[in-house]
Amino acid sequence: QVQLVESGGGLVQPGGSLTLSCAVSGSLFSIGIMRWYRQTPGKQRELVASITTTTGPTNYADSVKGRFTISRDNRKMVYLQMNSLKSEDTAVYYCNADIRVRLGSPLTDYWGQGTQVTVSS
């Protein structure tokens, strides 16, 4: 069974940095676009960044451009490097991926359980 597991969240001071990781496990054929979302209480889940292949292309929400960097490797990992963090970046961050479980099967949307990022002094 395919699973996505995030790690790396925590408490950081404004202006600090944090790197989130997401590991995809389980038997699968291929992984398409990988994304990071975030959500705060009472608000809709927001797309933060996406990456198509290990070399891109990448897309970012305007609110994080120039501060966050998404990357992935060929071992089923995706990362989110977050710099110059602000209090408004506080949220639960979710990893998301389009996964083809076997040859010929459709791409299916998979989500991680989320990791809390809190930016506060």
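Author: Happy to. Let's start with Ala 97, which, leaving aside its neighbours within four places in sequence, is in contact with Leu 4, Ile 31, Ile 33, Met 34, Thr 108, Asp 109 and Tyr 110; contact means heavy atoms within 4.5 Å. This is a predicted model, in which local features need pLDDT of at least 70, side-chain atom pairs count only at pLDDT 80 or more, and totals for chains, interfaces and linings use all residues. Residues are numbered from 1 along each chain as its sequence is written, and side-chain values use heavy atoms, with hydrogens and water left out.

Reader: Why is Ala 97 called buried?

Author: Buried means under 20% relative accessible area, exposed over 50%, and partly exposed in between, with a 1.4 Å probe and protein chains only. Ala 97 has 0% relative accessibility, so it counts as buried. Ala 97 is placed in strand 9, and its C-alpha atom is separated by 9.3 Å from that of Ser 50, 47 residues apart along the chain.

Reader: What makes Ser 21 count as buried?

Author: Its relative accessibility is 17%, and because the cut-off is under 20%, Ser 21 counts as buried. Ser 21 lies in strand 3. Leaving aside neighbours within four places in sequence, the contacts of Ser 21 include Val 5, Trp 36 and Tyr 79. Of the 121 residues of the protein, 40% count as buried.

Reader: How do you know which residues belong to a nonpolar core?

Author: Such a core is a set of buried Ala, Val, Leu, Ile, Met, Phe, Trp, Tyr and Cys residues joined through side-chain atoms within 4.5 Å. The largest one here has 28 residues, of which Trp 36, Leu 80, Met 82 and Tyr 93 touch the most other members. Among the elements that give two or more residues to this core are strand 4 (30-39), strand 8 (77-82) and strand 9 (91-100). Strand 9 gives the most, with five residues. As for Leu 80, leaving aside neighbours within four places in sequence, its contacts include Trp 36, Val 48, Phe 68 and Tyr 93.

Reader: What makes a stretch a strand, and how many strands are there?

Author: Helices (H or I, at least four residues) and strands (E, at least two) are DSSP runs, numbered from the N terminus. By that count, the protein has zero helices and 11 strands.

Reader: Why is the protein called as compact as a globular protein of its length?

Author: The radius of gyration is taken over C-alpha atoms, and the globule rule is 2.2 Å times the number of residues to the power 0.38. The protein has a radius of 14 Å, close to the 14 Å that the rule gives for 121 residues, so it is as compact as a globular protein of that length.

Reader: How do you know that strand 1 and strand 3 pair?

Author: Two strands pair if DSSP finds at least two bridges between them. Strand 1 and strand 3 have five bridges, in the antiparallel sense, and one of the partners is Ser 25 in strand 3, for Gln 3. Both strands belong to an open sheet of four strands in the order 1-3-8-7, with antiparallel pairing.

Reader: What makes strand 1 an edge strand?

Author: Strand 1 (3-7) pairs on one side only, as does strand 7.
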